[in-house]
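Subject: Structure for you to look at

Hello,

Here is the structure I promised to pass on. Please open it first, then read my notes below.

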Amino acid sequence: TRIKGKHENAPLTKPDRHKEETAAPSTTHKEQTAPETNPDRQAFKRAKTEKPETPESEDEEAPPTQLLEQQEKELRKQRAQAKAQLTHEQKQQQATKKELTQLKSAATKETKKLEQTQQKLAQPTSSKQRQELQKKQQESQEKLTQIQQQLQEKQEQLNQQQQQTEQSQQKIQELSQQIEQTQTQRQSSQQSQAEKQLEKEIEQKETEATQAQQEELQQQ
């Protein structure tokens, strides 16, 4: 009977182990390289599918230019109406001043007439002449009282017209200030929109450059 040596009795497991050891590095290599490529692919896919979102707050910061233009148009319309009203009030005021001047002239004339009658009454006259002078004096006094009352009413009317004119002028001034503010806001809004558009274009170019760089990395 042939006696087996020490090496012949040992199980033949080393070749199998060698196969496992040689096969293991390939699996380990895949596990090591996978994390390097997967994030790039995911980022590349996200860059293609996702679009940069503009926060709603940016659009709400400045009023729309169109709305400001409509507001300015309405303010200009109101100012034109206020100017027309002011012109009408100024014409009425001039007419009232003219009437006041005429009434003052009539009052002066009637006052002189009354003074002359009183001077004649102070002189010796006949009974008949005296009665006539007294009648004229009474008529002049009544007429002068009437004129003075009309003068007072016209003066009050003129004061009211002057107040209305001042209010109209104040309104026109306020509307002009509002128009200037609206113009400033509209110009600021236009500038803001232009800046936002420029920022979007820059972001778009940066995104395109990033995508191109990622494509180059994928091809390598």
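From the N terminus on, the order of elements is α-α-α-α-α. That makes five helices and zero strands. Please keep in mind that this is a predicted model.

Confidence

The mean pLDDT of the chain is 77. Of its residues, 69% reach 70 or more. Residues 10-37 have a pLDDT below 50. Beyond near neighbours in sequence, that stretch has one contact in the model. Residues 50-59 also have a pLDDT below 50. Here the model shows four contacts beyond near neighbours in sequence.

The chain as a whole

The chain has 220 residues, and 18% of them are buried. It exposes about 18200 Å². Carbon and sulfur atoms supply 46% of that area. I also looked at contacts between residues at least 6 apart in sequence. Of these, 87% join residues at least 24 apart.

Salt bridges

How many salt bridges does the count come to? The count is four. I describe three of them here, one by one.

Start with R76 and E72. Their closest N and O atoms are 3.2 Å apart. Both residues lie in helix α4, which covers residues 65-122. They sit four residues apart, about one turn of the helix. Is R76 buried or partly exposed? R76 has a relative accessible area of 37%, so it counts as partly exposed. E72 is at 8%, so it counts as buried, the cut-off being under 20%.

Next come K154 and E99. The closest N and O atoms of this salt bridge are 2.4 Å apart. K154 lies in helix α5 and E99 in helix α4, so the pair ties together parts that are 55 residues apart in sequence. E99 is partly exposed, because its relative accessible area is 32%.

The next pair is E110 and K143. Here the closest N and O atoms are 3.8 Å apart. K143 is at 45%, so it counts as partly exposed.

There is also a network to look at. Salt bridges that share partners join E72, R76 and R186 into one network.

One glutamine

Where is Q161 found? Q161 is in helix α5, which covers residues 127-219. Its relative accessibility is 8%, so Q161 counts as buried. Which residues does Q161 touch, not counting residues up to four places away in sequence? The answer is Q92, Q93 and T96.

Where to start

I would begin with the pairs that tie helix α4 to helix α5. One is K154 with E99. Then turn to R76 and E72, which both lie in helix α4. After that, see how R186 joins those two in the network. Finish with Q161 and the residues it touches, Q92, Q93 and T96. When you reach residues 10-37, remember that the pLDDT there is below 50. The pLDDT is also below 50 over residues 50-59.

Best wishes

Definitions and conventions
Residues numbered from 1 in each chain as written. Predicted model: local features only at pLDDT ≥ 70, side-chain atom pairs only at ≥ 80, totals over all residues. Heavy atoms only, no water. Helix = DSSP H or I, 4+ residues; strand = E, 2+ residues; numbered from the N terminus. Buried < 20%, exposed > 50% of the residue type's maximum accessible area, 1.4 Å probe, protein only. Contact = heavy atoms within 4.5 Å. pLDDT = per-residue confidence, 0-100. Salt bridge = Lys/Arg side-chain N within 4 Å of Asp/Glu carboxyl O. Areas by Shrake-Rupley, 256 points an atom, 1.4 Å probe, with all protein chains shown as cover.
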